[in-house]
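Here's a quick look at the charged side chains in this one and how they pair up. Have the structure open while you read.

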Amino acid sequence: MKHPGNEEWMSYLYDECDTADRQRLDAHAAVCGECTARLAGWRGVTARLDADRETPAGAGRRFGRRLPIARWLAAAALLAAGIGLGRWGTVSRTDVRHELEEARVQWTLQARADRAAADREIVESVRALAAREQEWMEDARHEWATARAVDHRAIQTALRGIEARSTTDTVALHAGLLRLAQETGNGFEQTEGHLQQLAGYRPDNSPANEQPPR
Amino acid sequence: MIRSFQAGDEQAMWRLRHEDDAGAFAELMERWETPVRRLCARMVGDVHRAEDLSQETFARVFAHRHSFDTGGRFSTWMWRIAVNLCHDELRRRVRRPESPFPYAEGEDGGVRDDGPACEQPSPSEAAAKVEEAEWVRRALVRLPEIYRAVVVLRHFEGLRFAEIAEILGIPTGTAKSRMAEGLDRLGELLRHDERGGAKGFEP
Ligand SMILES: [Zn+2]
């Protein structure tokens, strides 16, 4: 038995052959277990492939992620104006859609230019930021220097004040100490005198070596 | 499925060529952006790259509008541009692979390489369908490119073998035999994944 080739079976499987061919292939499959099995195998695979047809990856994603939002908002605003003002008579749906699509086309063609411009903008703003930061740093440095000078003067004044006060205080303290020493000296001499008087005391009416009176 | 629009494509292309009619271009994009993006997603296995490739396709359509052969079909020309961009992308990845599994797609719902929702299988039918779809996408990105393009164009985009042959610059018979070979290999890949899946995944 001569089996139809793969090419013929593919036309059959995908319904691309004419009625005569289909009948001939049907007739062959009816009597050929080998070809029936191959056909069943292919049908099994195509049935499984259909699972991906029902849920194709990203089927719900109508537009790209990187479409410029502002442009689409402008187009959407045009659409909203058409509805809001009841001007559907003058602004046709097709016109609006063309506006939308045109915006999309322009984006597609200018995406690289836009991206480059955005990059330049970022570089410039970073540079501007750096320059401004430099200015701030200069200002801060100047302020700090000024503040330090002011502080320095204040500290000097304070130190001089402390110095002057401590000189006065030292003089006063010295005088105080001298006075205290003198007074202490005087007091000591007086006390010494008292002690000597007490040590040498003898009551006139009592005999020596006698018990003291009770 | 989109046959009734076919005449409109060539008219729009004429207006684009001769009048730089943005509306005509918008019409073509409106009609074809989704199918092209879908093709790219299945070819490169990454929905984000598919968006870029689809936009690149239309940028090229616009840029090369004057070199479009008015005797031909717009869609054939457009599919050829898209398929070539996908091939370039895949070749670029082979030269400079970005990850051990270049088709794996990180976060939000793209093709993953570690199997579908393997950690917690859901008993619901919907979850099973999503899982099955992921197995299919996984098998597709592992199918050699020469088969992948034919399978995607014939099975998913519903193109006839003659048009696929024209897009790929191969004889119609070759397109058909590649389809048969592609289906056989997909069958093997799907069975292999199942065997791998039955053992469970390593984290
Ligand atoms: Zn047979």
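How many residues apart are Arg93(B) and Glu89(B) in helix H4 of chain B? They sit 4 residues apart, so about one helical turn separates them. Keep in mind that this is a predicted model. Over all chains, the count comes to 22 salt bridges, and a few of them are picked out below.

**Within helix H4 of chain B**
- Arg93(B) makes a salt bridge with Glu89(B), and their closest N and O atoms are 3.3 Å apart.
- Arg93(B) is buried, at a relative accessible area of 3%.
- Glu89(B) is buried too, with 4%.

**Within helix H2 of chain A**
- Arg24(A) pairs up with Asp21(A) in a salt bridge, with 3.1 Å between the closest N and O atoms.
- Both residues belong to helix H2 (residues 19-31), where they are 3 residues apart, about one turn of the helix.
- Arg24(A) has a relative accessible area of 40%, so it counts as partly exposed.
- Asp21(A) is also partly exposed, at 27% relative accessibility.

**Between the chains**
- Glu132(B) forms a salt bridge with Arg48(A), and here the closest N and O atoms are 2.7 Å apart.
- Glu132(B) has 18% relative accessibility, so it counts as buried, the cut-off being under 20%.

**A network in chain B**
- Salt bridges also link Asp9(B), Arg15(B), Asp21(B), Glu27(B) and Arg31(B) into a network.

Conventions:
Residues numbered from 1 in each chain as written. Chains lettered and ligands numbered in written order. Predicted model: local features only at pLDDT ≥ 70, side-chain atom pairs only at ≥ 80, totals over all residues. Heavy atoms only, no water. Salt bridge = Lys/Arg side-chain N within 4 Å of Asp/Glu carboxyl O. Helix = DSSP H or I, 4+ residues; strand = E, 2+ residues; numbered from the N terminus. Buried < 20%, exposed > 50% of the residue type's maximum accessible area, 1.4 Å probe, protein only.
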